[in-house]
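Please consult the sequence and the structure shown below while reading.

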Amino acid sequence: MSQTAIFWPMLAQVFLVYIVYVVMGRRRYGAVKSGEAKVGQYKVRTTEPGSSVTVANNLINQFELPVLFYVLCLALHATNGVNYLTLALMWIFVISRYGHAWVHLTSNNLRFRSRAFYVGAIILLLAWIWFALHLVGAV
């Protein structure tokens, strides 16, 4: 297996970040255009209207748990740890992040959103455990 295959899920996760930026920009623009908000409200997030604050919160989420994902992908690549299992785990993590973002930016149903989050968090934990085993030569 090519070690560079690990960069595809990374690129997909980066693409998600840009999707969220676009959604945030469109919602903020729409809020100003409709009169729901004034441009000055975006200086401080506490005055940002609800239509866009959820997107801003989701953007923050994209730089929390996914940071561990990026580090792990680079570590797997650097140690020749990319295989079908690790690649599958990374793709499942990315899919869970897309699901989390979709729910967060649409219905914001906490039950579904938290499930998507926990699936990703557990998958990432399993991948980190596999990486530790890889480092000690157990796998």
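Which residues in α1 meet which residues in α3? The answer is given under the second heading, after the basis of the model has been set out.

## Basis and overall layout

This is a predicted model, in which local features need pLDDT of at least 70 and side-chain atom pairs count only at pLDDT 80 or more, while totals for chains, interfaces and linings use all residues. Residues are numbered from 1 along each chain as its sequence is written, and side-chain values use heavy atoms, with hydrogens and water left out.

The protein chain contains 5 helices and 0 strands, and along the sequence its pattern reads α-α-α-α-α. Helices (H or I, at least four residues) and strands (E, at least two) are DSSP runs, numbered from the N terminus. The C-alpha trace spans about 60 × 30 × 20 Å along its principal axes. Of the 139 residues, 40% count as buried; buried means under 20% relative accessible area, exposed means over 50%, and partly exposed lies in between (1.4 Å probe, protein chains only). Among contacts (heavy atoms within 4.5 Å) between residues at least 6 apart in sequence, 74% join residues at least 24 apart.

## Helix α1 and its contact with α3

In α1, the residues F7, P9, M10, Q13, V14 and V17 meet P66, F69, Y70, C73, L74 and H77 in α3. By class, this contact comprises 10 nonpolar, 2 polar and no charged residues. Here Ala, Val, Leu, Ile, Met, Phe, Trp, Tyr, Cys and Pro count as nonpolar, Asp, Glu, Lys and Arg as charged, and the others, Gly among them, as polar. The axes of α1 (residues 7-34) and α3 come within 10 Å and cross at roughly 155°. Axes are lines fitted to C-alpha atoms, for helices over the stretch in contact, and angles run from 0 to 180 degrees between N-to-C directions. The crossing of α1 and α3 is left-handed, that is, the near helix is turned anticlockwise from the far one by less than a right angle, whereas clockwise would be right-handed.

The 28 residues of α1 should span 40 Å at 1.5 Å a residue, and the end C-alpha atoms are 40 Å apart, which agrees; the expected span is 1.5 Å times one less than the number of residues. The buried residues of α1 are P9, M10, A12, Q13, L16, V17, V20, M24 and A31, and they pack against α2 (50-61), α3 and α4. Just after α1, G35 adopts a positive phi of about 90°.

Apart from neighbours within four places in sequence, Q13 is in contact with Q62, P66, F69, Y70, F93, V94 and R97.

R27 also belongs to helix α1, but R27 is partly exposed, with a relative accessible area of 29%. Not counting residues up to four places away in sequence, R27 touches S51, S52, V55 and L105. The C-alpha atoms of R27 and H77 are separated by 37 Å, and these residues are 50 residues apart along the chain.

## Helices α3 and α4

The axes of α3 (residues 65-78) and α4 (residues 84-105) come within 12 Å and cross at roughly 160°. That makes α3 roughly antiparallel to α4. The crossing of α3 and α4 is left-handed. On the α3 side, L65, P66, F69, L72, C73 and L76 meet T86, M90, F93, V94 and R97 of α4. This contact of α3 with α4 has 9 nonpolar, 1 polar and 1 charged residues.

## Loop residues with positive phi

N80 is found in the loop between α3 and α4. Phi of N80 is near 55°, a positive value in a residue other than glycine, and N80 counts as exposed at 55% relative accessibility.

N108 lies in the loop between α4 and α5 (110-135). For N108, phi is likewise positive, near 55°, in a residue other than glycine. N108 is partly exposed, with a relative accessible area of 31%.

Notes. Parallel < 35°, antiparallel > 145°, perpendicular 65-115°, else oblique.
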